[in-house]
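Please read it alongside the model.

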Amino acid sequence: MDLDAPMLRVDRLTVRFGGVTALDDVSFGVEPGSVCGLIGPNGAGKTTLFDCVSRLTRPQQGRIEVDGRDLLALAAYQVAGLGVARTFQHLGLFGSLTVRENVMLGGHHAFHTGFGAAALRLPLVGREERALRRRADEVLERVGLTHLAARPAVGLPYGTLKRIELARALGAAPRLLLLDEPASGLSHGEVDELAAVIAAIRDQSNLTVLLVEHHMGLVMRMSDKVVVLDFGRKIAEGTPAAVREDPEVIRAYLGVPA
């Protein structure tokens with residue numbers, strides 16, 4: 001593996017839905033251990049790009065590589081095994097399960113036993129479940145939710161549920177984490193807490209992060225690089241400071257003071 005190569009490489013990605021071009025020849029790279037913010041107005045193509053990387057949408061043109069491997073050559077269920085995990089803007093937690101059980105679900109891609117072994121409760125099943133439980137407890141400690149591990153997810157505050165969603169993605173032990181609007185619906189204090197958690201996890205695990213977010217304070221504070229989309233096209237790429245001053249970005253998205 002080329003140590004100087006991007007962890008994630010998006011090359012000339014194009015996606016069309018009927019007569020609508022959601023992504024138009026988009027290219028960029030995300031370096032290992034860095035945070036890349038992906039911003040743009042509603043309908044710019046951010047979620048479509050996320051869905052391509054997580055194999056929920058197949059592009060008509062282009063290539064996506066993770067550590068040099070062709071992501072589009074893999075089946076969707078193989079993506080987690082490559083070290084890619086994501087959160088969703090709209091939470092998909094199971095309210096009847098405990099916080100720990102929700103996080104354990106994130107690591108089930110590494111479960112090697114089949115249905116028959118699980119039904120017979122063979123020893124390997126028990127060992128794998130205990131390993132998943134230990135991994136979930138480690139992740140919950142890192143996101144500050146150990147005290148809620150045995151609580152059902154239903155009824156917990158929205159900011160806490162956002163952290164559980166993050167913990168579930170981390171339960172997959174990813175090397176590339178896709179964060180889809182993690183600050184959506186959070187208070188100012190909760191955004192600050194979330195930023196601190198993400199930064200600590202990134203630093204401790206050398207995690208590579210692709211962040212879609214409308215909260216510009218969070219994006220500009222956390223990102224090493226920012227990519228800006230507008231109507232499916234990339235209109236800017238650079239450091240947060242450079243992107244903030246880019247005239248086309250100001251026109252299309254950030255706006256100017258009244």
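Gly37 stands opposite Leu211 in strand 8. Strand 8 (residues 208-212) runs parallel to strand 3, joined by 4 bridges. Strands pair if DSSP finds at least two bridges between them. This is a predicted model: local features need pLDDT of at least 70, side-chain atom pairs count only at pLDDT 80 or more, and totals for chains, interfaces and linings use all residues. Residues are numbered from 1 along each chain as its sequence is written, and side-chain values use heavy atoms, leaving out hydrogens and water.

Helices (H or I, at least four residues) and strands (E, at least two) are DSSP runs, numbered from the N terminus.

| Partner strand | Bridges to strand 3 | Direction |
|---|---|---|
| Strand 8 (residues 208-212) | 4 bridges | parallel |
| Strand 9 (residues 225-230) | 4 bridges | parallel |

Cys36 stands opposite Lys225 in strand 9. In strand 3 (residues 35-39), 5 of its 5 residues are buried. Buried means under 20% relative accessible area, exposed over 50%, partly exposed in between (1.4 Å probe, protein chains only). Val35, Gly37 and Ile39 point one way, Cys36 and Leu38 the other.

Cys36 counts as buried because its relative accessibility is 1%. Cys52 is buried too, at 0%. The whole structure has 0 disulfides, taken as pairs of cysteine sulfur atoms within 2.5 Å.

Helix 6 (residues 188-205) has 18 residues. Its buried residues include Val191, Leu194 and Ile198. Asp203 and Gln204 are exposed on the other side of helix 6. Just after helix 6, Asn206 takes a positive phi of about 55°.

Notes:
The expected span of a helix is 1.5 Å times one less than its number of residues.
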